[in-house]
Amino acid sequence: MAIAQPAARPANPRFSSGPCAKPPVFDLAKLSDAPLGRSHRAAVGKDKLLAAIEGTRELLNIPADYKIGIVPASDTGAVEMAMWNLLGERKVEMLAWESFGAGWVTDVVKQLKIDAEVKTADYGQIVDLASVDFANDVVFTWNGTTSGVRVPNGDWIAADRAGLTICDATSAAFAQDLPWDKLDVTTFSWQKVLGGEAAHGMIILSPRAVARLESYTPAWPLPKIFRLTKGGKLIDGIFKGATINTPSMLAVEDYLLALDWARSVGGLEGLIARADANAKAVFDFCDAKPWIANLAEDPATRSNTSVCLKFTDARIQDGAAFAKAVAKRLEAEEVALDVGAYRDAPAGLRIWCGGTVETADIEAMLPWLEWAFEAEIAAQG
C-alpha cells in the first residue's frame, strides 16, 4: 500500500549524471573575474587556461612529463581526437560494457575501419580483463556512466605493454584514483565530477602517447579540430592553453572555481571520500530493500559516481513504464531531478553520487524513492 510522503526534502535535488550538480559553494557572482569579451589569446586568457591545466595536474597528481590539453566537444571530442590521431598503427582491442564504450566501438570498426577485436559485456557486468592483449592498443571506459560499472583498479593493465591504453575517464576523474603509469591517453569533461559547464573536454597524454603521435601518421585525413601535430611534432601550445578553437572564458572561470572548491575539501582524497560516502548511502538503502538492487552485479566493480539501479519487485507489470513513472513522481515533487536510466540502458534509475553532491541530500532523497515506488505499485491496481 502507498505510504505517507517523507517530511524532509533534499536541499539540492540535482542528481543528474551530466551536467552534474555544481559545487555546493557555487554562485554566479563568484565568476565575476572571468575575462568576458577578451581574447583567450590575450595574456589574461592564456593565464586562466594554463591555471586550469596546472590545477588539473595538481589535483589529479598527474606526472610532470604528461601533457594536458583543453579540447572542444567535451569528453566525446577528447576521445574522438585520441582515436583518430593514434589508432591504426597496430591492432586494437575495444572493451565495452555500456553505451559510450559501444559508441567508441562503432567509430573504430565502422568509421575508421581498423582491425579490432571487440570485447563486450552486458549492462551490470564487465569484460574479462585478464584476457586483454597489451600488444594491441586498448580503448576502454574506466567508469561506465550508463551502467554504473567501473574497472576495480589498474592492476590488469600490463606495465610493459607495447600498445597504448586509451581511457575514457569522464565519470572517474576526481572521484577515483587513476594509475597514471598505466594510462597513455586519458580523457574527461568538466561537466562531470566537478560539476563544471559542458562543451569542454580534457586530454592527457603520456610520453608514450606523444611518441606515437610524432612517429605515426594515420591513413585518413584529420580535420583541423582534431589535429595535435604539425610537421610530425606535437603542437605544444595546445598543452599550455593555446586551444585549438575558442573556449568559453566563463566556463573556464567556472572550472577554476570548482578546482578551488576541490582543494578546500581535501583535494582528490577528499573528493573520493565524498563520492564513496554518497554511493554507500545508496548501496546500504538497496541492501535493506527487497524491491531494488544495484545494476552492477559485482560489488568490486560498482561505481561510486554514476550509481545505476534496477527494480526487482515481481509485482511490476511493465519495467520501463514503471521506472519512468517513479522518476516522474520524484521530479514532480522536486526531490530528485533527472534520475531516469540512460535511454539505451536497462529500465531503472541512475543516481549521481559524485563529490559535488552532499550526502545529506542523498539520505533525504532515498525515503522519497521508497514513497514513489510504493505509490506506483499502488497505482498499478
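Two strands are said to pair if DSSP finds at least two bridges between them. By that criterion, strand β1 (residues 67–72) pairs with strand β7 (residues 200–205), since 6 bridges join them. The structure described here is a predicted model.

**Strands β1 and β7**
- The strands β1 and β7 run antiparallel.
- Within this pairing, Ile 68 has Ile 204 of β7 as its bridge partner.
- Strand β1 is mostly covered, with 5 of its 6 residues buried.

**Helix α3 and its ends**
- Helix α3 spans residues 99–111 and comprises 13 residues.
- From the first C-alpha to the last, α3 reaches 17 Å, which is close to the 18 Å expected at 1.5 Å a residue.
- Just after the helix, Lys 113 adopts a positive phi of about 55°.

**Packing of helix α3**
- The buried residues of α3 are Ser 99, Gly 101, Trp 104, Val 105, Asp 107 and Val 108.
- These buried residues pack against helix α2 (74–86) and against the strands β2 (92–96), β3 (116–120), β4 (137–141) and β5 (165–168).

**Strands β11 and β12**
- Strand β11 (residues 306–311) is joined to β12 by 4 bridges, and the two run antiparallel.
- Val 307 stands opposite Ile 351 of β12.
- In strand β12 (residues 349–352), Leu 349 and Ile 351 point one way, whereas Arg 350 and Trp 352 point the other way.
- All four of these β12 residues are buried.

Notes
Residues are numbered from 1 along each chain as its sequence is written. This is a predicted model: local features need pLDDT of at least 70, side-chain atom pairs count only at pLDDT 80 or more; totals for chains, interfaces and linings use all residues. Side-chain values use heavy atoms; hydrogens and water are left out. Buried means under 20% relative accessible area, exposed over 50%, partly exposed in between (1.4 Å probe, protein chains only). The expected span of a helix is 1.5 Å times one less than its number of residues. Contact means heavy atoms within 4.5 Å.
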